[in-house]
Amino acid sequence: MTQLNEALLGILACPNCRSSLVVDYEASELVCAKPECGLAYPVRDSIPILLVDEARAPGHSRAEVDEDDDATHVVARDEDE
Ligand SMILES: [Zn+2]
């Protein structure tokens, strides 16, 4: 189970809207407390990934993609170096 330091949580803020974040331990995500934002940031190896690019937006889920899972295109991304 992912454990996050409460003190750390106190200083973390959503990079999108600067609201506080709520831990969703089941999903291992940090969820923005602001309903209009609501971005969910993944936590990997106990490290919150507070990047808007990595966040999941529950209100704007890509439902239409759900059905063809095996058709997922893995696009090689050009990472900025
Ligand atoms: Zn937010």
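Residues are numbered from 1 along each chain as its sequence is written. Because the model is predicted, local features need pLDDT of at least 70 and side-chain atom pairs count only at pLDDT 80 or more, whereas totals for chains, interfaces and linings use all residues.

**Exercise 1. State which secondary structure elements the protein chain contains, and in what order.**

Solution. Elements are DSSP runs numbered from the N terminus: helices are H or I with at least four residues, and strands are E with at least two. Read from the N terminus, the order is α-β-β-β-β.

**Exercise 2. Derive the arrangement of the strands in the sheet.**

Solution. Step one: two strands pair if DSSP finds at least two bridges between them. Strand S1 (residues 21-24) pairs with strand S2 (residues 29-32) in the antiparallel sense, over four bridges. Within this pair, Leu21 has Cys32 as its bridge partner, and Val23 stands opposite Leu30.

Step two: S1 and S2 form a hairpin with four residues between them. In its turn, Ser28 has a positive phi of about 55°.

Step three: S2 is joined to S3 by three bridges, and these strands also run antiparallel. Here Leu30 stands opposite Tyr41 in S3.

S1 and strand S4 (47-48) are the edge strands, each pairing on one side only.

**Exercise 3. Identify the residues of the largest nonpolar core, and the elements that give two or more residues to this core.**

Solution. Step one: a residue is buried if 20 or more other C-beta atoms lie within 10 Å of its own, with C-beta atoms placed from the backbone. Of the 81 residues of the protein chain, 12% count as buried.

Step two: a nonpolar core is a set of buried Ala, Val, Leu, Ile, Met, Phe, Trp, Tyr and Cys residues joined through C-beta atoms within 7 Å. The largest one holds eight residues: Cys14, Leu21, Leu30, Cys32, Leu39, Tyr41, Val43 and Ala55. S2 and strand S3 (40-44) are the elements that give two or more residues to this core.

**Exercise 4. Determine which residues Ala55 contacts, leaving aside its neighbours within four places in sequence.**

Solution. Two residues are in contact if their C-beta atoms, placed from the backbone, lie within 7 Å. With those neighbours set aside, Ala55 is in contact with Leu39, Ala40 and Tyr41.
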